Amino acid sequence: MLPKNKNKHVQKPTSARRFRLFPIAAIAASALVVGVGVPMVAAEATTSTSSASVTPTAETWSTVRHPDTPQYRQGYLSATNSADQTYLKFDVSKVAAGKKIVSASLSLSVRSTQATSGGVQVFPSSNAWSASTLTSANRPAHQLTLLNTATVRAVTGTTISVPLTPSAVSTQQATSFELRYSQKYVGTLFSLRPTLHLVLAPTSTPSVAPTTAPTSSTTPTASAAPVTPTPTASLAPAPAPTATTSTAAAVAPASDRKVFAHYFPPYPISLDNLDASVDYYTRNYLSPAGEGGKYAAVGGLLRDRPLPRAPLTDDWRVKDLTTEVDQAADAGIDGFTVDIMSLSGSNWTTTTDLMQAAAASGRDFVVVPNLDVTASAGTATPSQVAASLAQLFASPAAYRLADGRYALSSFKAEGETVSWWSQVLSTLKNTYHDSVALTSVFLNASDTNMKAYAPISYAEGIWGQRTPTTVAQMPDYAAKAHALGLKWMAPVAVQDVRPRSALYAESDNTETLRATWQQAIDDGADMVQLVTWNDYSEGTSFAPSVAHGNAFLDASSYYATWFKTGSAPEIRTDQMIVTHRIQFFSAVPQTGTVLMQPTLDGTSTPPRNTVEVLTMLTAPATVTVNIGGHKYSADAPAGVHAMTFPLELGAISAWATRGSSTILTATSWHQVVAYPKVQDLQYYAVEGSH
């Protein structure tokens with residue numbers, strides 16, 4: 001079966017958006033957790049940074065309803081899709097003298113809005129305007145370049161933060177912005193005196209230079225002409241997806257069928273609470289030269305990271321974990337199965353902090369210890385393991401079954417003997433008075449293993465496969481478990497890409513995600529484990545990330561409701577998800593001498609170069625895609641439907657039309673390049689907006 005790379009890299013530094021779903025309980029509104037884009041070049045390792053906040057030197061707005069009348073005396077600012085535009089002018093030359101801007105964000109106080117989705121848009125503008133004279137008739141020409149790196153929703157009575165491209169702000173002269181709101185037929189009013197927040201660093205800071213070592217490989221082919229090789233980042237900034245990119249469905253009742261997500265402690269939202277441009281992820285995990293060049297041969301340890309956020313105050317670790325609890329709960333996930341790798345150290349601290357965050361969240365969100373016997377925790381004695389687990393079971397967040405037993409899960413249960421596990425369970429009961437129900441999750445769910453561990457198990461499960469072909473070849477494990485009188489925990493996965501191991505599985509865009517969910521539903525599984533929530537070293541994350549935003553969670557929520565209710569949910573809002581790689585699978589990277597092979601799942605499933613558009617529609621529509629300048633159109637029926645198109649070099653966008661109306665648009669922030677900086681074979685994703 002599929003081995004999981006458990007020789008993990010342990011974190012070294014010291015130290016919501018809420019989804020509209022196919023709800024299990026009525027969920028009508030949503031909020032946003034703002035994401036900050038990762039820079040397109042290797043980050044500069046600053047030794048000291050400072051912050052500054054400035055208010056506008058001029059502010060006003062214009063409207064086509066009164067095209068010749070200045071609006072600067074109205075006492076507020078207005079922004080819509082096309083009729084109203086807000087104009088702001090800032091001068092940061094004094095506070096930024098002798099420094100460079102490493103991050104920038106615009107803080108806006110929302111007086112009123114009818115917005116139901118993210119839509120704040122910030123564009124560059126000419127400085128040739130005055131607040132007292134600017135009107136719709138004489139306003140500066142609109143520029144198409146979008147400056148914000150995340151799509152943010154306006155919510156009445158709140159102050160929102162819109163992350164901006166740092167280079168959008170001049171340190172030498174005034175900077176002007178034009179603000180609009182992308183959602184049509186919606187008015188949004190902001191209070192006067194918005195604030196521009198900057199993080200500054202000395203201009204003399206040395207750069208962290210990645211090691212480049214071009215390798216030989218087959219040059220990719222495409223119908224678009226090859227571009228000149230230039231250094232490109234393995235990650236491009238991605239917007240935080242908006243509420244209306246999810247599909248609402250009929251309210252479903254509470255269910256005994258639970259959906260868990262496997263939480264991997266080494267990769268929380270932040271490792272050091274620094275700005276994303278200079279934090280540990282950027283400097284070490286995403287850089288080929290990071291970690292002292294340990295992973296230079298494969299282009300660096302990671303290709304993706306959690307959606308960044310601005311530095312926090314106070315107990316930022318617990319705050320971050322609370323954010324992750326909210327993200328998971330809003331996606332219809334009932335709890336985390338947290339990987340217990342060690343019984344002390346930073347990963348153990350993250351685990352106990354996660355229990356604290358879940359307990360304080362008020363979300364009825366649970367945590368199940370998942371004892372990983374392939375890591376150092378597996379070398380401890382049964383009494384040592386039991387003592388540590390008892391600490392976790394003391395938390396209010398620990399999941400208990402209806403009969404009062406605490407839930408305990410495992411990774412590679414067959415890595416320890418039945419006797420060893422029996423000693424852990426008996427010690428918990430006899431010494432700590434904790435009755436425990438064990439879910440034995442195997443790498444090899446053979447008949448022999450399932451029968452051997454059945455007497456000590458409440459449920460069994462498997463880590464699973466990662467290609468549509470191998471998923472289809474899996475037997476009906478749920479039936480096997482039920483025949484043994486046990487529950488079955490089914491695996492659900494998006495993809496698996498491991499640069500460190502030079503292996504990946506061809507998941508065929510979202511086909512593996514849909515196939516694993518369908519298998520869990522059709523086989524009558526009792527529980528589901530999303531593998532994983534945040535293991536970025538294996539490219540398996542569902543958690544909101546730079547590469548795929550909230551797309552995989554939003555797609556998964558449809559099937560989670562189906563799994564819990566037993567019937568496909570009604571689609572009430574149109575949804576579209578576009579997935580693609582940012583390179584051809586055979587592309588020659590600029591950095592790295594060891595290339596990944598598509599044999600992770602034990603097969604040679606052939607890789608493919610495709611763009612997939614996954615639609616969930618209330619009624620039929622026509623989908624059109626523009627891939628590197630080549631357009632394709634196809635009809636999509638009501639319901640869930642996937643269509644693929646050839647991957648080509650350049651930008652990717654898609655839109656869906658119904659009759660004469662455009663109902664959804666999606667523009668990927670990730671362009672396809674001929675010569676990527678590093679080999680990056682994960683699938684990127686972007687969601688459509690209304």
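Q: Is R405 buried, partly exposed or exposed?
A: In this predicted model, R405 pairs with D403 in a salt bridge, the closest N and O atoms being 2.9 Å apart. Buried means under 20% relative accessible area and exposed means over 50%. The relative accessibility of R405 is 26%, so R405 counts as partly exposed.

Q: Which parts of the chain does the salt bridge between K480 and D447 link?
A: The side chains of K480 and D447 meet at 3.0 Å, N to O. K480 is partly exposed at 30% relative accessible area, and D447 is partly exposed at 41%. The two residues are 33 residues apart, and the parts linked are helix 9 (residues 477–483), which holds K480, and helix 7, which holds D447.

Q: Is E59 buried or exposed?
A: E59 forms a salt bridge with R193, the closest N and O atoms being 3.7 Å apart. E59 lies in strand 2 (residues 58–63) and R193 in the loop between strand 9 (188–190) and strand 10 (195–202), 134 residues apart. R193 is partly exposed, at 47% relative accessible area. For E59 the value is 13%, so E59 is buried.

Q: What distance separates the end C-alpha atoms of helix 6?
A: Helix 6 (residues 418–432) has 15 residues. At 1.5 Å a residue, the helix should span 21 Å. The expected span agrees with the distance between the end C-alpha atoms, which is 21 Å.

Q: How wide an arc do the buried residues W420, W421, V424, L425, T427 and L428 of helix 6 cover around the axis?
A: In helix 6, W420, W421, V424, L425, T427 and L428 are buried. They lie on the same side of helix 6, because the arc they cover around the axis is only 155°.

Q: Which residues have the most contacts inside the largest nonpolar core?
A: In soluble globular proteins, nonpolar side chains tend to be buried together. The largest nonpolar core here has 96 residues, and those with the most contacts inside it are W421, W488 and W517.

Methods:
Residues are numbered from 1 along each chain as its sequence is written. This is a predicted model: local features need pLDDT of at least 70, side-chain atom pairs count only at pLDDT 80 or more; totals for chains, interfaces and linings use all residues. Side-chain values use heavy atoms; hydrogens and water are left out. A nonpolar core is a set of buried Ala, Val, Leu, Ile, Met, Phe, Trp, Tyr and Cys residues joined through side-chain atoms within 4.5 Å. Buried means under 20% relative accessible area, exposed over 50%, partly exposed in between (1.4 Å probe, protein chains only). Helices (H or I, at least four residues) and strands (E, at least two) are DSSP runs, numbered from the N terminus. The expected span of a helix is 1.5 Å times one less than its number of residues. The arc is that of the directions from the helix axis to the C-beta atoms. A salt bridge is a side-chain nitrogen of Lys or Arg within 4 Å of a carboxyl oxygen of Asp or Glu.
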